[in-house]
Structures are given as structure tokens and as C-alpha cells.
Amino acid sequence: MLLVLCVDLDDDLGRKTGAETPVVGREAVGAAAVELATADPEDSDVNVLFQGIHEHDNLSADPGVDQAVTVAPVTGTPGLGVPHHGPTRSGIRPVHRGGS
């Protein structure tokens, strides 16, 4: 499986929409992106989510890619520095294993 990972270090997705991450799959990420864009159209994480979908679609359409492709955002917590990145790292594990 190829994973297109969208990283939201400060958890704007969760804080502004109530979404629990990881959100897995193109349709779910698309819905989350629209929800975040509706809540805060100027949040840069909106672009990150839509770019992740774009990369997912490009990889899925590439005849040279012979693996399943999925997309998922993971989030950290508000604040700066390494202590806030732990949730981001732990959010990757279930996505990588194929679950949420």
C-alpha cells in the first residue's frame, strides 16, 4: 500500500471540525477537507488535504503504480515543539497497518 500522508501538526482539523483522526480514504478525506474549508477557508491545512487527494488521484491513475493507494491526515496537538508531535507519530501507526 502506498500512503499519501497529510500532516496537520496543530490539529486544526480536529479542533475546527471535531473530526477524529486518522481519517482514512479519498472520500473521507474529501469530506473532511470540505468541512475544514467551511469552518475556516483560510486555514492552510485545507490546501494540505486537497493536495493529498490530488496526489492520491495521480498515483491511482499512474499505470506504473501497482499498489493500492490511500490518503490520510494525521494530527498533532496545538503548540510548538517535539512534545506536540507525539500524537502525529502515533496516528500514523494505525493508518500504516490498514485501520483507523
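I took a nonpolar core to be a set of buried Ala, Val, Leu, Ile, Met, Phe, Trp, Tyr and Cys residues joined through side-chain atoms within 4.5 Å; buried means under 20% relative accessible area, with a 1.4 Å probe and protein chains only. The model is predicted, so local features need pLDDT of at least 70, side-chain atom pairs count only at pLDDT 80 or more, and totals for chains, interfaces and linings use all residues. Residues are numbered from 1 along each chain as its sequence is written, and side-chain values use heavy atoms, with hydrogens and water left out.

Entry 1, core. I found 14 residues in the largest nonpolar core, and Val-71 is among those with the most contacts inside it. Strand S1 (2–8), helix H2 (26–39), helix H3 (44–61) and S2 each supply at least two of its residues; helices (H or I, at least four residues) and strands (E, at least two) are DSSP runs, numbered from the N terminus. H2 gives the largest share, four residues.

I placed Thr-70 in strand S2 (residues 69–75). Thr-70 is buried, at 11% relative accessible area. Leu-5 lies 65 residues from Thr-70 in sequence, but their C-alpha atoms are 8.6 Å apart.

I read an angle of about 155° between H2 and H3, with axes 9 Å apart; axes are lines fitted to C-alpha atoms, for helices over the stretch in contact, and angles run from 0 to 180 degrees between N-to-C directions. H2 is therefore roughly antiparallel to H3, a term for angles over 145 degrees.

Conventions
Buried < 20%, exposed > 50% of the residue type's maximum accessible area, 1.4 Å probe, protein only. Parallel < 35°, antiparallel > 145°, perpendicular 65-115°, else oblique.
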